[in-house]
Amino acid sequence: MASDLSLKGMNMKIFANHAGYHRRKLNPKLVSRILDDLAGEPREPLKLDMEGFDSLIRSQVDMAQSPIRLIGAEPAAVQFDHLTLTTGHNRVSPVAEADPDLTSFLLPYMEQAVNGEFAAVPVDVKPDGWAIRGAVFGDSLVLTIYGPCMDMGREGDGQGERLPIITMVASPGGEDGRVLWKMLHEGHHHLATWGKEAPKGAWCGARLEIPGSMVYEAALPWIAEFERHVTWSWLSAQVIVDSSGEGATPEPERDEDRTLSDLIDELRGEIAAGMGIPPSAVDSILGIGLPDVQAERALTLLYGLRAALGSVAATAKKRASSKP
């Protein structure tokens, strides 16, 4: 994993340690009872989501494209609607909840996930083995949160399989988001948001997968917090597709002709001027002057420091203005 930062050091205590989780075998009778309870009056049967929504999206986009890199930037929205599609609950998350430290921390995991790999979820929960995998769809993020490997009750080599728990889409809005909104609802008539339009602004839509969300119901509170931070990380990222130059760019004003080195030099100079220190001191503070530090890692740290300094300055200004 690209980041070895301490979870405690990154203030990840918001994700409680749910020691009551345990590995369990999927019981077909239990699933049938759950589905009967959810269905209520006879209507179109609920489907079992045994395969992640990210797999469907990846089958419809060109996964042979060059690797995707995520670079930290400033938030591209002032707020977003955080919707649970299954229940219709909506909570507005303001930009004040965009934590620069968590944004920088999560980006390497998200980058691994959107490149088609299972990435470990960086939370302190039991049992171990929670994972994410996703895809980039235009300017939007598709992410499936998978539970620990389970015994699915099938014959085979004895290896466990991953069960989708939650599907989430993070979108700045626009046409790509509207397309994904429709795809999220296809074949899921039980969703409370069925027949409704996608939000006009930035949004995060979470769909509880069946039966995964029933099996790991106790995980839903921390997953909701995880969704929020992932969405702010996505809305605070530049998306770069190596070599091809194609892909989503949440910051449309980015100059494609500038090299990563140019961006690093510019950010280093801007931060140094703001802090009243030489550029070399910025390298020392962030530890990016070493030859083994890759350019994208340096950019992520620089963007994160710039955002943190901006937050500190804004807080100081607010406090000063509130004094009599």
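Arg 162 sits over the face of Phe 118, 4.9 Å from the ring centre; a charge counts as over a ring if NZ of Lys or CZ of Arg is within 6 Å of the ring centre and within 35 degrees of the ring normal. This is a predicted model, where local features need pLDDT of at least 70 and side-chain atom pairs count only at pLDDT 80 or more, while totals for chains, interfaces and linings use all residues. Residues are numbered from 1 along each chain as its sequence is written, and side-chain values use heavy atoms, with hydrogens and water left out.

On to the aromatic rings: the structure holds seven aromatic pairs (rings of Phe, Tyr and Trp, the last by its six-membered ring, with centres within 6.5 Å; planes under 30 degrees apart are stacked, over 60 edge-to-face, the rest tilted). Trp 130 and Tyr 216 have ring centres 5.1 Å apart and planes at 70 degrees, so this pair is edge-to-face. Trp 130 is buried, at 3% relative accessible area (buried is under 20%, exposed over 50%, partly exposed in between, with a 1.4 Å probe and protein chains only). Trp 130 also pairs with Trp 222, with centres 5.2 Å apart and planes at 85 degrees, so that pair is edge-to-face too. Together with Phe 226, the residues Trp 130, Tyr 216 and Trp 222 make up one aromatic cluster.

Then there is the largest nonpolar core, with 44 residues (a set of buried Ala, Val, Leu, Ile, Met, Phe, Trp, Tyr and Cys residues joined through side-chain atoms within 4.5 Å). Trp 130, Trp 222, Phe 226 and Trp 234 have the most contacts inside this core. A second, separate core has 16 residues, including Ile 264 and Val 282.
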